[in-house]
Structures are given as structure tokens and as C-alpha cells.
Amino acid sequence: MALSDADNGEGGESDAIVTACVLGGFSESSETRVLISSLPEVHGDTVTSESTTQRFLVIMNRYQEQPHLLDPHLEWMLNMILDFIRSEKSPPSLVHLCFKFLYIICKVRGYKIFMQLFPHEVADVEPVLDLMSRQDPKDSETWETRYMLLLWLSMTCLIPFDLSRLDGHLESEGGKAREPTMDRILAIAKSYLVVSDSPRDAASVLVSKFMTRPDVKQKRLGDFLDWSLTTISQTNDQSMRDIMVLDGALQSLLVLHARLSVCTPTILQCLEQKRLSESSQAMLRKLGVKLIQRLGLTFLKPRLAAWRYQRGSRSLAANLSMSQSASTTDAVSPDVEAQEQEEDYDIPEEVETVIGEFLPHLSLKSLSLNVIFFDLCCCFSSFQETDNAWHGGCLALAELGRRGLLLPSRLTDVVPLIIKSLTYEEKRGACSVGSNVRDAACYVCWSFARAYEPKELKPFVTQICTENVISCLFVVIRELATKALHNLTPQAPDYMATTVLPQLLPMAVGIDLHSRHGAILACAEITHALYKLGLQTNRTVVDMISSECVDALKNIHQMVRVGFGGELMRPAMCGLIEKLSLSKMPFKNDPVITGWQWLIDDTIKSLHLVSSGVAVVSALSALCEEYYQAQAGQADSQMQNVLVSQYIEGLKSPQMLTRCGSALALGCLPRFMIHSKLKQVCLNVSQKEGSFTEARRDAVRAIAQVCVKAGVCANGSPDSALCLENVAEVYGTLLESMNDYTTDSRGDVGAWVREAAMTSLMDVTTLVASNAPEILSPDVVNRMMCCLAQQAAEKIDRYRAHAGNIFLRLLHSTKPAVPHIPHQEELLSIFPTTTSLNWNAPSQAFQYITQLLRLPQYQYHTLLGLTVSVGGITESTVHFSSQSLFDYLKGIQDNNAALAQFGDTLLSIFRDNLRNDRVTIPFLKMLNQMLANSCFEIFTTEENHQFCVDLLALCKELKKSKDISKLRACIAVFCGLIQFQGEVRKKVLSQLLMLLCHSFPVIRKTTASQMYEMLLTYDDVIDPEVLDDVMTLLSDTNWEGDLATVRPHRNQLCDWLGVPRPQVVAKVTI
């Protein structure tokens, strides 16, 4: 259809229509689950087994183009299949069928992603290794099993323990010596590197993971290298078997090239003698060249192209001084310096060998970049190309430049195209397109600035910058133009009033959206400029413009449809209302005021959907100031009651945007409009019971705005000013907002409320301290400073910086001085007035904030804030916060009283937030780090220390949780508590042993693994005579099996450890 329209000349610039099959998700999830569940029933029947496999293959192949859609489902598919594989009741045919299913998934998703999902803990090494040892490399029907097992074995090689530790309890079996685990894995890798099927590729992955382990590299890398070189030397490419063997040996060296720098000359000599370039097998030639290329790079130090961009200093002043000092030698120094570097650098002789190996494989393909560049230029050359072609062409040019593939000589051809793209805009009906092209062109400019030397870009800089500025202002150019008209009006007022304004008014009610938008803004600015000019000559606006223009300005809101293009038109109309109100147009008691008020109220209901909410509230404020005063400083009581009641009612609306707009509207009302209404406004604006985060944020802002406008009078009326009677209520609302930690799909949205509350507290406190500091109670100031300290210790950089800056402003403020700040002298010694602190940087902030821990009144809140930072997930925040916390704890290790007080505070935080997952999980992570770093070592010397007893009791409460992450963190803490002496150690072991029979298999497995590591770390926990037996049972037992199977093993551990066996409590039915 698109083709026929184009042929008829009706769609000259129409977009190409492309039909594509884009999947939205894994829609066959249920069917896949049924297919996997049926494996135990179908494995014995060849026909049924093949049909099931074929159906599964068809489903998986649908996602070859979009394999990422499988990611949310990979884990449960893998776990279902592994359950069958691990079951002792599964016959070999079922195991092989399961691995075939795993291979199909792996083929679609890619082995690099899929293999990461395999379990790879200490307990997995032996079972996988034993299963791999039982496979027949010559069985062509089960190669998928061997392929997947090799990948699984590759992942188990990532365990952080020395492999020799796994051999301690496997020294003999039936009197026959067992081979070490390291040697067993190496033997498997070697045997599968020389097979002729796909497991050879998986074996190379195993080699890359296994041989790079520190313990293996030290003991076995040299022998493996000798084996590889011997294999290469003794084989030829005449027989198929030798080709496969040679392929495997080359792949093994290829994945280890970074570790072979010392042996590179020997390997090159071997490859040179082998003469792979003369081989008839393209696969061997390719592997040979690839290996030589990687080995050759180890002889050369890195170099960038001479014309590439070189990073300067991070300091602008340093860059400027460097450029001035180097300006005289700029033309000659780079070439001279490069030449001197080349003369000083001796090229190793082996590079000649590498180049000699490359030459037979080279062919003339140097025209490829020219062809690509020509095709890209065609994207810009024709007027028939759509914005999509321009967009794609810009992105391609940016990548070519960024990667150094576009030589400086091409800039003369490229820059004109980029300049056109920077101002690209195409009209389509009532709107226009081109922002994507302009954005891409800006990306090209950015990439070129980083890729080329300044002297290469110098001829084009002026032109590019000019067009770039125009591009940046494209959206706001009309607003800037209207500001220019405002400034030009005093220069030619008569011309503006009699010529320009009458020409703009018809455009303000025209059809074109953009022209209408610009004309309304221009009319508003010109009218306001004429008003300000008239003040100098004692003339009003109506004296300077015609009555027709006055009527047209009055009726614009009736002629303009704000529904279509409301994002542009609503702010523009509100701007017009504001400027006409400020210009004191004689419309008081005119029906037009009702129309303006309706437009403002309608816009307030969708305040955050328009581009600028500032214009709306500014318009309302200006309208009230001009038209709703009965006399100077006194509100029209009727309008006051109507507006205040209307906006208070809007605060109870079920619509979130209406609540937000109503809160901000109350906050922008002039002082005379809230006079005698302050108590009513503050009582309703708090939004304590509301579920809308944005509404609470705007309500907190409004409270501060209303209080600042009402002013402070210590003994005044609570309806008219902030006074002794209502100040506690206002601070209570703001301080309560500091504890808003609401989260949804957008993340920590409660931070918006906390940020607004911090700003409002600063504004209100500054106001009260200036006028009536006596109404500030010590309790209020103490709570405020503690809440700010807590926020300044938390994990989000932006809000930490906001809290920290407000904390210091209140602390350092002298005019006015904030009274009753607790520990003010100590705080000033920590944060002197000369402190220049970047609160956004964790490396700077936490070393200061942790010093508040030694001040009793700040310790609880500071530690509460540090909890979410130390137990968080952001690496830099965790590192610097934990480092500062441990430095503090290290300083009080010899102070028993200080450490005891810290421990009590820690327990108080845990107790107060026991059901608060936001705090509990990070707290457990932080506590685990403290225990691992022996921060309470002084407590461990005392049997049954009360700190450990209380901590254990609180952790036992969390053990009832169903949250996996919380249970895992709790297990780690239990393992850390094992270092304490006395009966408490038996209680800790009892809790761990009960978790070994938890209803969640993953918790049982985690507990066993953590206990294994715990016993390796604390070897004095149990009797040495049973230590080996306990370690063997923990590592060899399949803790993810049935509870009936696992429980006897757990009970055996109880007997060995001297802990009473837990009793199964029968459920009582009522």
C-alpha cells in the first residue's frame, strides 16, 4: 500500500512500513512448566520423549531473536530440571533428557548468561565431578549431557577456597588412594579438549575458568602449557581426529593468552614451526591467526592514533594555564614528541615474526570504510529521506568518530551534514518532528570533541557552536523571543502598542498551535512592559493601547481551546493572566475575572501534567493581589472564603493531581487571603492520612510557605500567625514527614517528602529564630537536629547532601542564631565554620558524620542513618560508610563503657525496627560486618555477655520470617555470634541446626554452606575429633532434598555438636 501511494505521488515523504514479529514476553511459560514436569513420565518412551523435546525446541526457537525475554523464567526452569538430575531415583535416561532440555535453553540464551545460573558452592563440586566422571566421551547420543556438565563444572571452579581443602576427607576410599580434585578436573579438561563434538568448546570454557585460579596457576599451569605445545607439535591436519585435537589445543591457549606473557616467545616458535597458515583447514588458520594476534599484542605497549583526543586535567584553571604555556610550541611539539617516543621505543624482534604470520592471510579490503562512509552520506543527501534516516545516520557517524574510524580528512564532508542536522525540523500537520535528529547531532558533536585534537576541529568550531546554540534553544526560542520583545518595548513603545500588539492579537487566537503559543506570550510581555513604562509617566496601560486591543486581551481565554496542546497553552494563558494582573488592567468585578479563575482552577487540577507549574501559582497569586482585595491589605471576604474552602476541599480529593495543585495553591495565596485562616489551613494541609506521596510533598512545602507569609508573633492568635500555641503542631507535622520512607515501583519516593520537610524546617526555623526564638523549645530543636543528622548519614547522595547542608546552615547561623542546639560546642569542633565539605561524596561525608556517634543525643539517629548506608548495595557508599564506622569502633575498643553504650544503642535500633524491612535487612548486613571484623572482641571474653544474649533473642524473632533475604542475613549473623563464649554458643548452634531443616530448600543449603565456612574460620567451636565428620556431612549432604531425607543428617550433626535434637511440633487442630 505504501508503495502504491508513493508511485501515485501522494506519499513522497512517507515512512517505510516494516512488518516485524516482536514478542512482548514469554507467553508459553505455563506450557513449558508442563513439559518439564512431564519428563519423568516420558523419558522411557522414545516416541513421546522425542515429541516432547521437539515441542520444547519449537517454543525455545521462537526466542532466538529476543532471548532476554526468557531471563525472568530461567531460574525456575533450571531448578525444576536440576531437581530431577539430583534425585537419586532418576534413571540415566531421565538425566540425559534433562540435560538435553538444559542444552536447548542454553543454546537460545547463550552459554555465558545461562551458565551463571548453575549452583556453584563448595557442596556442588564433588557431585558434578562424579557425574562428569561417569560419562562416556564416545557416546554420540548424550553429548548434550557432557556439554552442560562441563559448563557446570566451570562454574564450580569459581569457589574461593583452595581445591586442596576438598581433598582432606577424600584421601582414601576402600583402601584405594583417591586422585586430588585439582588433578581430576584437569584430566577431564584435557580429555574433552581433544574430542570431535561440541563438548570441546565447553572444555575450553572450563580451561579458562580453571587454569586462572591462583592455586591451579601456581601448581599446574606449566604442565598444562607443556601438554598443549606438545599436542600442537605432534599432530597434523591430515586426519580428522588430529584436526579436532589441534583445534582443542589452540582454543586452550587462546583463552589463556593473558596468562602466558612469560612463555609467549616459546608459543610463537611452536606456531611458526607448525605453519598453520599453510593448512587446508580454514578453522585452524583462523584460530592460528587469532592466537598470534593476541600474543603479538603482549609485545607492544598501548598507543592511540596521533590525531585522537588526549584527556587533559580535571581542573579548568590547570587546562587554561597549560594551553597558554603550550601555545607557542603547539604546532611542532606533538610530532617531535611522537618521533622521540618512536626512537626511544625498541620494537621486540618477535613482532617481525607476528607480522610475518599475518601477511599470508591479508587481502585487499581497505575500501570497506569508504563504502560505509559513502552509504552514510546518502542518508543525508536526499530530501526524500525521513527523519529516521537522518537520526540513524547521525548515530552511525558518532560511533565511527568515537571509535577513531573517521579520519580528520573526512571532517570537511561530515560537518556540513551535522550542521543541517542540528537545526532539522519537519512540519507534519499541526506538529513537527526532528527533536530526535537534533539530539543525535548533538551526540555527534560530543563524540567528535572527544575523538579529535582541538586543532583538527578549530576550523569548524564557530559554525558548530552557533548551530548548537540554536538547537538547544529550539523548544524555548519563542519564550526567549517574547523576553526580547519585553526589553525592546521601552525603545519603541508607540510602535509596539499601535503596530506589533494589534498584529499579534489575531495570531493569539489562530489555528497554528506554535504561533498561538508565541503570540500569547508576546502579548503578555509587551503589555507588562508598557505598564512599567507608564509608571514613569503616570499613565495606565489602557491609555497607551486601543480599546480594541484591551477587549481582545480580555477575551483571549474565551477564544483559545486549552484542551488541544494544553501542555503549551495552559502555562501560556496563566502567564497572560499574571502579566495582565500585574499590569493592573481595569477588570475588577468584571466577568472576565471569573473566567480567569476558572482557567486557573482547572489547570491546578492537572498541575504536574503541564510544563511549568510556576506559571499557574504565580498567576493565582497575582490575580488575588490585584482583584481580590476589598481595600489595601484586606481580602474580599467572599472570595477568601470561597477559595480557601475550595482548595481545602481539594486536599481531600481522590485525585492525586488535584491534591497536589490544591496544596500549592494554598501555599501561594497572599498573606491577606490566609489571614484568620491559618489554623484551618495548617490543620487540613498536612495530608497525614493521605496515600499520595506527591501530595504529601507539596503539602509540606505549602505549610512552610503559609507560615512564612503569616509571620511569627509569640503571643499572637493561632489563626493569624505562628505563635506559642501552634508552633509545636507545625514542627510536629514537619518532623513526622522526615520519617516518610514510602516506596513504590519508582523507588524511594518518600525521599521527596523528606527533602521538602528538610527545606521547610530550615525556612520555618530561620523565621522563628529571627522574630521569636523563645517559642522554640529544646525538645523541638533536639528532634530537628537529630533527624537532620540521621538523613545526613543515609545512603542516597542527593538527600544526604541536602540534609548535611541544612544541618551546617542551622549550626553555623548567627543572624539569627538557633537556640538550644544540643552539643553545640562539640559540633562546632567537628564542623568548624571554615569547613568545606562535599556531602555528595561518600569519601568525605561519612568520616565527619560518624564523629556524631560519640555524642549521646545524636548516637541513636546517626547510627540509624548509617545502618542503611553500611548495609546498602552501592559499593562506594558501603565502602566509605563501613570504613568510617569501623574506624570509630576501633577507637573505643579499650573503652568498655563507650562500647557498651554503643551496643545498647545498636540493640535499641534493632528492637524498634524489628518489623521494618527497610532497616532490618541492612542492619543484619551491618552487624555481620561488625562481627566479622571482631568489633565486639572485648565482649567475647565474657561468658554469656548480655549483648549477645539480647541480640540472639531478637534474631530468633526474625527466624520466623518468610523473606529469603532476611533469613540469609540472619544466618550470617548467627554464624558470627558463634565467637561468643558460654551457653549462648550452644543456643546459636541450636538455631543454625534448626535452620538446616527449614521449609525452604534454599535456606537449608545456605545454612549448610555458611556453617561450613564458620567451622573453617572458628575451629575451636567443636571437638576436633568430630570436626572432619561434621565438615564431610555438611558438604556431601544434598540439603535441598526432601525434609525426611535431610532430618536424619541434621540430627546426626546435633549429636556430634552436643546440641539437643529439635523436636517436631505437631499442629493442633481445633
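Biologist: Is Lys554 buried or exposed in this model?
Modeller: Lys554 counts as buried, at 17% relative accessibility. Please keep in mind that the model is predicted.

Biologist: Which residue forms a salt bridge with Lys554?
Modeller: The partner is Asp590, and the closest N and O atoms are 3.3 Å apart. Lys554 belongs to helix α28 (residues 547–559), while Asp590 sits in the loop between α29 (566–582) and α30 (591–604), so the pair ties together parts that are 36 residues apart in sequence.

Biologist: How many salt bridges are there by this rule?
Modeller: The count comes to 27. Among the residues involved, Arg86, Asp124, Lys1005 and Glu1040 are linked in a network.

Biologist: And what does Glu755 pair with?
Modeller: Glu755 forms a salt bridge with Arg798, with 3.1 Å between the closest N and O atoms. Glu755 lies in helix α38 (residues 750–771) and Arg798 in helix α40 (residues 797–812), so this pair joins parts 43 residues apart in sequence. Glu755 counts as buried, at 16% relative accessibility.

Biologist: What about Arg754: which residue is its salt-bridge partner?
Modeller: Arg754 pairs with Asp748, the closest N and O atoms being 2.9 Å apart. Arg754 is buried, with a relative accessible area of 2%, whereas Asp748 is partly exposed, at 25%.

Biologist: Changing topic, where does Ser233 lie?
Modeller: Ser233 is in helix α12 (residues 214–234). Ser233 is partly exposed, because its relative accessible area of 48% falls between the 20% and 50% cut-offs.

Biologist: Which residues does Ser233 touch, leaving out those up to four places away in sequence?
Modeller: Ser233 touches Cys270 and Lys274.

Conventions:
Residues are numbered from 1 along each chain as its sequence is written. This is a predicted model: local features need pLDDT of at least 70, side-chain atom pairs count only at pLDDT 80 or more; totals for chains, interfaces and linings use all residues. Side-chain values use heavy atoms; hydrogens and water are left out. Helices (H or I, at least four residues) and strands (E, at least two) are DSSP runs, numbered from the N terminus. Buried means under 20% relative accessible area, exposed over 50%, partly exposed in between (1.4 Å probe, protein chains only). Contact means heavy atoms within 4.5 Å. A salt bridge is a side-chain nitrogen of Lys or Arg within 4 Å of a carboxyl oxygen of Asp or Glu.
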